[in-house]
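Thank you all for making the time; I would like to walk through one model this morning and keep to what can be computed from its atoms. Please have the sequence and the structure open while I talk.

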Amino acid sequence: MSIDPILASVMQRAFKSITDEMSLSLMRTARSPILCEAKDFVTGLYDARGNMLEQTENLPILSFSVGPVCKYLLEYFKDDIHPGDVFFHNDVFSFGNQNNDVAAFKPIFLGEKLVGWAATKGHQADIGGAVKGGYNPQATEVFQEAIRIPPVKVVDRGRVRKDVWDLIFANIRLQIVEEDMRAEIGACTVGERRLKALIEKIGLERFEEHRDYLFASTEKLMREEIRAIPNGVYRGEGKIFFDGRHPGSEFTIRVTITVEDDHVTFDYTGTDKQTDGFVNGTYTSSASATTLTFLQMVNPDIPHNEGMLRPLKFIIPAGTVLNASYPKATTFGNHLCPPNADAIQKALASAMPKRVCAGWNHLLCALTTGRNPRKDEDYVDIFFMGLKGGSGAMDGIDGYDHIGMIDASGGLLDQDYEMFEQQTPHLLVKHEYLRDSAGPGHWRGGLGVDTEFVVGSEDTQLVTFGDGDVRPAFGLFGGKEGTLNFIDLKAPDGTVYRTTSKDLVKGVKKGTRFVQQAGGGGGYGDPRLRPADQVALEVRNGVVSVEAAKDAYGVALKPGTFEVDGVATARLRKGA
Amino acid sequence: MRLRIGIDVGGTFTDFLVVADEGSARVFKTLSTPDDPSRALLQGLTEIAESYGLGTDALSRAVDVIVHGTTVTTNAVLTRNGARTGLLTTEGFRDALEMRRGIREEQYNNRFANVEPLAPRYLRLPAKGRLDRDGRELVPLSDGDLESAADTFRKEKVEAVAVCFMNAFANPDHERRAAAVLREKLPGVYLSVSSTLLPAIRFYDRVSTTALNAYVGPKLRNYIDALLEKLAQIHFDGILRIMQSNGGVVAPEIVRDRAAMTLLSGPAAGPRAGAFYGSIHGLGDCITVDMGGTSFDAALLRDGQPLFITEGEVDRLRLALPMLDITTIGAGGGSIGWIDKGDLLRMGPQSAGAKPGPVSYRRGGTEPTCTDADLVLGYLPADEFAGGRIKLDVAAARKAIETHIAQPLGFSVEQGAVGMARVIDANMAAGVRAVTVRRGFDPREFPLIVAGGGGPQHCCAICAELEIPLFLVPRQSSIFCAAGMLMSDLIHDDVRSLPSRIDQLAPGLLEQRIDELIAAARATLRTEKVADADMAFQPSLDMRYVKQYHEVNVPFELGAKDVVARFHREHDRLYGYQLEEQKTPVEVINLRLRSIGRTVKPSFPEMKKSNADASSARKGSRRAWVPERREFEDVPLYDAERLHHGMRLTGPAIVDQANTTLVLTAAYDLVCDRFGNFVGYRRDAVKTLPKSIQELVR
């Protein structure tokens with residue numbers, strides 16, 4: 001049979017449209033705002049061997065662990081996989097990336113023959129463990145964090161295994177998690193129906209040939225991209241501050257990137273040892289972080305399938321902060337992506353100065369739980385709109401304002417303000433760009449945001465997790481750094497508590513003002529090279545202050561106007 | 001004789017289709033007048049009157065209905081030349097419009113920039129005042145803030161203001177007060193108020209839709225006012241209807257304040273027309289493409305029905321109003337060719353439009369356009385363009401291409417023109433991919449129904465790029481949307497929120513609310529002169545399981561008991577599961593009503609089959625570029641007026657029509673169907689064509 005390249009390209013687009021449809025299905029049916037508003041989930045299709053066909057990666061950091069788990073399922077259940085089965089999985093010691101990210105897998109059959117898999121994985125509002133919502137900064141072992149779901153079969157040939165199902169949900173606090181796992185299964189069914197119809201139309205043999213062709217052509221694209229990077233060995237470092245248990249603690253990620261013709265190896269040998277808190281990565285969360293950072297440096301149009309991954313190698317030694325050993329706590333692991341990305345950007349800056357970014361703002365996130373008096377029910381809210389800072393600038397383009405951490409790259413959405421007020425008891429007061437937060441540069445960093453809400457439930461519990469409160473996003477090639485993150489709790493009695501980056505605050509009073517700043521991204525190139533008119537316009541728009549225009553950019557405005565004072569600016573910029 | 005006229009005001013041309021009650025149809029085209037589009041419209045009506053041997057007053061009396069669509073608003077957004085717009089919003093939230101919920105659509109592309117906001121930050125002003133989630137006042141609205149905002153807007157010469165406050169969906173009072181103050185302080189400024197335009201929850205959707213409405217409002221309002229005035233001058237007292245994005249038509253008074261409902265007005269008639277022409281050959285699944293002067297629209301038809309969305313985007317900006325699912329890109333005859341910083345040849349999205357127009361029009365244009373390239377390639381008749389009303393200046397076109405394209409790239413003028421055509425063809429092919437391949441459909445299985453003045457010159461190239469073996473160019477292709485407008489019904493979409501568990505609703509309440517909506521819609525349709533017998537009402541419910549946040553729309557027949565069962569089934573079909581067994585309670589959120597006023601549809605006369613062959617329509621030849629052979633040749637030239645049912649041509653060939661030119665490249669043949677439409681097909685793929693077409697070809 002001959003290969004029809006157009007068919008391969010149609011198949012690729014069809015996969016993408018199916019995973020998009022699965023994503024829409026989950027988004028529109030889920031109850032938890034983390035899923036239906038912020039889209040903290042991934043949907044994907046895999047072939048009969050667990051190779052990735054395509055994914056819709058709303059949150060990239062979750063995304064590159066689904067394929068490995070699919071392969072693990074095949075090995076684990078062997079021939080005990082049947083039409084109508086459904087499997088759940090979250091276990092971080094068998095290729096899961098984070099305890100809260102729970103996957104549903106549905107095998108797809110033509111007759112009795114396994115031809116593929118549909119899977120979804122989403123951040124569930126609760127997963128048991130010691131702390132509601134799942135982020136327990138005091139945890140030292142996985143058992144204090146979550147119920148472990150090594151793969152289990154929850155539906156056997158179309159029949160729900162009630163005992164297994166009930167065992168899982170008896171260990172999870174919120175009823176909506178059960179509903180949202182049903183929504184995950186529903187999205188898998190949508191994928192199953194569509195992929196099955198596609199394979200039936202094309203014919204299995206022809207489908208498989210063209211799948212192989214698609215993988216090979218994608219692999220070739222990726223190899224061409226890598227070939228464009230000069231061969232060499234590149235080293236970089238990223239810093240992690242505070243493990244949640246030992247104030248002042250610091251850890252270093254060390255990466256050695258070896259580019260050799262058409263493949264690249266990311267070797268993390270030399271990275272600091274694992275912590276005894278929950279600030280630890282898992283193999284797949286760390287490899288995902290590396291993958292997504294590197295993908296931003298190559299042609300963004302390369303399809304996301306198994307072929308794309310083949311030229312990439314990862315060495316992430318066990319027992320390090322990026323790959324903790326059993327039974328260490330790891331819930332923070334996804335959020336080691338920002339320092340990991342820093343290490344990679346810094347390592348490759350000299351080799352590909354036009355492809356790397358200055359530093360992105362690191363995540364600092366808050367999760368509130370309590371009882372919603374209006375609905376008389378428990379709620380869990382991850383406060384997405386407050387956490388999204390700016391991205392790093394790069395050669396020729398400013399950073400993206402309010403995009404959020406690099407592990408989501410603009411895929412994680414703010415809650416809609418009005419939906420936030422429907423879903424939580426809180427009252428939103430402010431959500432605006434933060435003046436002077438962008439790292440100055442010829443190209444400036446993305447702007448951070450300034451957010452405030454009034455806590456609306458009694459005895460609220462607040463968990464923070466993240467970073468970026470010690471060292472701001474770095475600048476590159478003369479660009480300056482962005483601003484720091486922080487979260488303040490202003491109690492009704494006037495006392496102010498600044499949280500740490502991994503905190504658990506109990507008994508927050510109703511009426512407390514939650515104030516958060518997410519910092520801006522780093523700048524790129526000398527700020528004195530930025531066109532003065534552009535700086536003046538940003539002053540007019542209130543995102544750069546008159547002082548910063550003068551001090552950071554060397555741009556003077558005529559007093560009381562937004563017009564550039566050419567003479568004074570030239571004087572300030574002399575020597576630029 | 002009674003007449004019905006469809007008028008499509010594009011960025012470059014204004015198209016007219018006049019249909020008489022006995023079925024005869026005439027086509028007219030005038031150059032658009034973007035500074036006052038109604039001038040071109042009146043000019044066209046004058047020409048129509050002349051053609052029927054009537055004065056304009058007599059014509060006015062003979063016309064029952066004018067249906068009319070406009071790309072005025074669409075083009076304002078695509079080319080960012082809408083009104084200078086301000087936003088008044090709740091203090092603390094003035095960046096929501098620009099943030100777009102923090103999305104970056106291309107996550108792995110660090111060079112992908114955010115969209116330019118419709119109102120710059122210094123014109124997005126805060127007002128103190130706050131409603132809570134149920135619409136109760138927490139903080140009174142600040143009069144001082146309203147006054148100072150009005151002052152700033154006046155000083156900054158703002159032409160339109162969008163007003164969108166937090167939780168205004170639940171209580172419009174604050175917005176109404178703000179609007180009253182602004183109306184008083186800023187006479188003549190267009191006001192767009194979220195609780196009037198879209199009284200639905202979701203702040204970002206509302207602020208974005210309201211700002212879009214403001215941004216395009218003054219252009220549409222001025223246009224409609226000028227139009228009504230001009231029609232009054234010629235004593236027109238028939239019915240004027242405006243095309244909306246939802247594929248239906250509406251009275252001008254209604255749409256004047258809801259300009260955003262026309263954002264896809266022009267293209268919205270295309271799918272309807274496409275369905276009609278496709279049905280002639282039993283083609284239910286097809287793609288309609290329309291290449292005008294400024295934009296290129298593509299839409300997919302499945303089983304003869306256009307696809308429909310309740311929320312979409314225009315240029316990455318959220319528009320939460322019901323609309324047809326049409327992809328628009330900036331590619332048209334007026335698209336300007338340019339060289340980017342990386343020395344790549346680019347086409348558009350900037351368009352020379354009608355003014356200054358392509359260089360060859362000699363109306364002041366200096367930058368080479370797609371039309372100029374088509375002229376140099378021999379595709380357009382220099383002396384007979386637009387029915388001979390525009391003489392095209394080949395030398396000027398060549399010079400512009402040489403200066404701006406060929407010299408910088410080290411090309412010959414011809415190579416420059418070929419490059420321009422190839423780039424714009426690739427852009428349009430990508431637009432077609434967006435509606436097919438990206439949704440998992442194989443474009444080769446969908447015939448292309450080709451429209452617009454530019455479509456027939458480029459359809460073979462687009463088909464070749466996508467390997468589509470079959471296309472259809474309607475006889476009325478150049479005024480395709482104008483034709484679609486005469487085929488469209490009046491449509492009004494209403495929504496009313498009624499959040500409640502369905503088992504807890506007072507008995508009969510749903511029916512009562514629907515009756516109220518129907519009564520209001522019936523009154524509206526009567527003002528639009530629709531007889532009761534021609535009205536149809538389609539109520540539906542937005543339903544969900546409790547604690548979900550998105551709804552499924554389920555048709556609701558009055559008195560029907562099975563709406564919950566239908567919801568379970570629909571949820572399963574869409575999302576792969578249902579919770580009937582779990583007895584999960586079901587909520588109603590919104591009640592929707594689509595009200596339809598059926599209109600009289602035009603019918604076109606059939607042609608008798610001709611026994612003559614196409615040589616009788618031959619009118620010489622033209623030196624033109626043949627892409628398959630990569631050279632200029634003397635290509636046979638035909639007169640469309642003399643091509644009749646059953647005649648066929650072999651490519652390469654060029655068919656000149658009064659208002660467009662069909663370019664048939666070497667790989668394609670063409671046959672004329674019983675309505676005089678041109679059916680083109682790849683010669684080596686006849687066996688793969690649908691049976692109806694194979695019979696026609698045989």
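Predicted model: local features only at pLDDT ≥ 70, side-chain atom pairs only at ≥ 80, totals over all residues.

The domain bounds I shall quote come from an automatic or database domain assignment, and for chain A that assignment gives domain 1 (5-218), domain 2 (357-525) and domain 3 (532-573). Residues are numbered from 1 along each chain as its sequence is written, with chains lettered from A and ligands numbered from 1 in the order in which they are written.

Let me stay with chain A, which has 15 helices and 20 strands, where helices (H or I, at least four residues) and strands (E, at least two) are DSSP runs numbered from the N terminus. Its radius of gyration is 24 Å, close to the 25 Å that the globule rule gives for 576 residues, so chain A is as compact as a globular protein of that length; the radius is taken over C-alpha atoms, and the rule is 2.2 Å times the number of residues to the power 0.38. The C-alpha trace of chain A spans about 80 × 60 × 40 Å along its principal axes. Of the 576 residues in chain A, 61% are buried, where buried means that 20 or more other C-beta atoms lie within 10 Å of the residue's own, exposed means 12 or fewer, and partly exposed lies in between, with C-beta atoms placed from the backbone.

How do domains 1 and 2 of chain A meet? Their centres, taken over C-alpha atoms, are separated by 29 Å, and 20 residues of domain 1 are in contact with 23 residues of domain 2, contact meaning C-beta atoms, placed from the backbone, within 7 Å. On the domain 1 side, α2 (33-36) and α3 (60-63) of chain A are the elements that give two or more residues.

Turning to the contact between the chains, 42 residues come from chain B and 54 residues from chain A. On the chain B side, α4 (96-99), α8 and α17 (563-575) each supply at least two residues.

Which residues touch the most other members of the largest nonpolar core? In this core of 370 residues they are B:Val161 and B:Leu212, a nonpolar core being a set of buried Ala, Val, Leu, Ile, Met, Phe, Trp, Tyr and Cys residues joined through C-beta atoms within 7 Å. Helix α8 (residues 203-233) of chain B gives the most to this core, with 13 residues. Leaving aside residues up to four places away in sequence, B:Val161 touches several residues, among them B:Phe153, B:Leu182 and B:Ala214.

Finally, some backbone details in chain B. Most residues other than glycine have a negative phi, and most peptide bonds are trans. A cis peptide bond, with omega about 0°, joins B:Gly348 and B:Pro349, and B:Pro349 is found in strand β22 (residues 345-351). The bond from B:Gly651 to B:Pro652 is also cis, with omega near 0°, and B:Pro652 is in the loop between β31 (648-650) and β32 (653-656). B:Arg80, although not a glycine, has a positive phi of about 50°; B:Arg80 is partly exposed, with 13 other C-beta atoms within 10 Å.

Key. Contact = placed C-beta atoms within 7 Å.
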